[in-house]
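Please look over the sequence and the structure below. The notes that follow cover a sheet and a loop.

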Amino acid sequence: MHLTKDSEAFLTISEVARSLDLPQHILRFWETRFHQIKPMKRAGGRRYYRPIDVELLKGIRYLLYFEGYTIKAVQRIFRERGESFVLSIFQNNDLIISDSMPPEKQAMRVSEIVENESLNKEDNFVKETLHSALTELLECKHLLDRTR
C-alpha cells in the first residue's frame, strides 16, 4: 500500500526532486543561489522542504526552464517583484503552459508573466523578436510531436 503525505508535510530532497523531475544536485545548487529556499536540515545534513519551499522551487523551475531566464534574472525578479510573485507564477493556473494549447497561445502565455514591467522601444523590439522565435519553435515542436 502506498501512503501519500499530507499537503502540509515536509518533503525530503529525493521526494522534491522526483516531483519536479530535477536531479537533487540542482536543488542543492539552487539553495546556494536563492536564499528564499530554506529547507530545514536535520542532524547529518538531511534536508526537509516545507510546502512553501516546494512552491518556490516550482516557480524558479518555471522561470528558468520554461521562460528561459538566467539565474541572475530570476534573482532580480525576487529582488524587484518579491517572493510572492514567484510563488504566484506556479499557483496561478492561467500562467501554466499546456501542451494541448496551440503554439501561438503558448507563446502568448509566456509573455504574460512579465507583462506589467515597463519596456522601452529597444526592449519591445527584443521582446517581439523573442516572442516570434518562440512561436516558431513551439510550432516546430508541435509538428515533431505529431510525427512521433
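Which residue in E3 is the bridge partner of leucine 11? In E3, leucine 11 has tyrosine 49 as its bridge partner. The model is predicted: local features need pLDDT of at least 70, side-chain atom pairs count only at pLDDT 80 or more, and totals for chains, interfaces and linings use all residues. Residues are numbered from 1 along each chain as its sequence is written, and side-chain values use heavy atoms, with hydrogens and water left out.

**Sheet**

- An open sheet is formed by 3 strands in the order E1-E3-E2, with antiparallel pairing.
- Strand E1 (11–12) and strand E2 (40–41) are at the edges with a single partner strand each, so one side of each has no neighbour in the sheet.
- E1 pairs with strand E3 (residues 47–49) over 2 bridges in the antiparallel sense.
- Strands (E, at least two residues) and helices (H or I, at least four residues) are DSSP runs numbered from the N terminus, and two strands pair if DSSP finds at least two bridges between them.

**Loop between H1 and H2**

- Aspartate 21 is in the loop between helix H1 (13–20) and helix H2 (24–33).
- Aspartate 21 is not a glycine, yet its phi is positive, about 55 degrees.
- Most residues other than glycine have a negative phi.
- Aspartate 21 is exposed, with a relative accessible area of 66%.
- Leucine 22, in the loop between H1 and H2, is buried at a relative accessible area of 7%.
- Buried means under 20% relative accessible area, exposed over 50%, and partly exposed in between (1.4 Å probe, protein chains only).

**Surroundings of leucine 22**

- Beyond its neighbours within four places in sequence, leucine 22 is in contact with Ala17, Leu27, Trp30, Arg61 and Tyr65, where contact means heavy atoms within 4.5 Å.
- Leucine 22 and arginine 61 are 39 residues apart along the chain, and their C-alpha atoms are separated by 9.0 Å.
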